[in-house]
Amino acid sequence: MADQTDNRDTFWSRMDDINAGMLGCAPDWRLVPMSHYADPQANVLWFITAAGTDLVRAVEGGASRAVYTVADGGKALFARIEGQLSLSDDRAKLDEIWNAVAASWFEEGRTDDDVRLLRLDLSEAEVWATGGGLGFLFQVAKSKVTGEKPDMGEHFELRFA
């Protein structure tokens, strides 16, 4: 079984290749599609959104418990990620992660008054790292021949400091 460092490396390297997931926070836990920007050194996921969204309203009074889920068979990662979601006024971080996708949502670019930066400080994650699409098909076919359960990859939990 892989150690915690290997599991973290697997998690972050695959998260870097995934573009989006579903983010929700207390009190209503309504999940909405969001693109994330990973910061493995800080154990943080960043999101760019607009003023007035349910997520922004939920954290205007302070940080809130949140969950972010990703499911990407092509990148062979499925994860439920938990942490504290908060608003951030880190303009340097916004400049660092700003891109054409974010720009398409805001008429005035990153200086648009509606731009809001959300920070998800990770506390834990439950992760399934699979062999990917072809690996999955091979495992299913092999199980039919051998009668054994398919090896679907690694399942592990992470705790973030």
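**Exercise 1. Strand pairing around β5**

Cys 25 stands opposite Ala 66 in β5. The model is predicted: local features need pLDDT of at least 70 and side-chain atom pairs pLDDT 80 or more, while totals for chains, interfaces and linings use all residues. Residues are numbered from 1 along each chain as its sequence is written, and side-chain values use heavy atoms, without hydrogens and water.

Task: In which sense do β1 and β5 pair, and over how many bridges? Which residue of β6 is the bridge partner of Arg 65?

Solution. 
1. Locate the strands: β1 covers 20–25, β5 covers residues 64–72 and β6 covers residues 77–88. Helices (H or I, at least four residues) and strands (E, at least two) are DSSP runs, numbered from the N terminus.
2. Apply the pairing rule, which asks for at least two DSSP bridges between two strands. β1 and β5 are antiparallel, with four bridges.
3. Turn to the β5 and β6 pair, which is antiparallel with nine bridges. Here Arg 65 has Gln 84 in β6 as its bridge partner.
4. Inspect the connection: β5 and β6 make a hairpin with four residues between them. In that turn, Ala 76 has a positive phi of about 60°.

**Exercise 2. Aromatic pairs**

Task: How many aromatic pairs are there, and what are the geometries of Phe 11 with Phe 160 and Phe 47 with Tyr 68?

Solution. 
1. Rings of Phe, Tyr and Trp (its six-membered ring) pair if their centres lie within 6.5 Å; planes under 30 degrees apart are stacked, over 60 edge-to-face and the rest tilted. The count is five pairs.
2. For Phe 11 and Phe 160, the centres are 5.9 Å apart and the planes 50°, which makes the pair tilted. Phe 11 belongs to helix α1 (residues 4–16), and Phe 160 to the segment after β8 (154–159); this link between distant parts of the chain spans 149 residues.
3. Phe 11 counts as buried at 0% relative accessibility, and Phe 160 counts as buried at 8%.
4. For Phe 47 and Tyr 68, 5.0 Å between centres and 70° between planes give an edge-to-face pair. Strand β4 supplies Phe 47 and strand β5 supplies Tyr 68; the two are 21 residues apart, and this pair too links distant parts of the chain.
5. Phe 47 is buried, with 0% relative accessibility; Tyr 68 is buried at 0% as well.
6. Look for clusters: ring pairs join Phe 11, Trp 12 and Phe 160 into one.

**Exercise 3. Cavity and pocket**

Task: What are the volumes of the largest cavity and the largest pocket, and which elements contribute to their linings?

Solution. 
1. On a 1 Å grid over the protein atoms alone, a cavity is a set of points where a 1.4 Å probe fits but cannot get out; a pocket is an open set with protein on both sides within 12 Å along at least five of seven lines; lining residues have an atom within 4 Å of a point. Points join across faces, edges and corners, and volume is the space filled by probe spheres on them.
2. Count the cavities: there is one of 30 Å³ or more. The largest cavity holds about 40 Å³.
3. List its lining: Cys 25, Asp 28, Arg 30, Val 32, Asp 54, Leu 55 and Ala 58. Helix α2 (residues 54–59) gives the most, three residues.
4. Turn to the largest pocket, with about 270 Å³ of space. Two or more lining residues come from each of β2 (32–35), β4 (44–50) and α4 (100–103).
5. Name some of the residues: the pocket lining includes Met 34, Tyr 37, Ile 48, Val 101, Trp 105 and Phe 106.

Definitions and conventions
Buried < 20%, exposed > 50% of the residue type's maximum accessible area, 1.4 Å probe, protein only.
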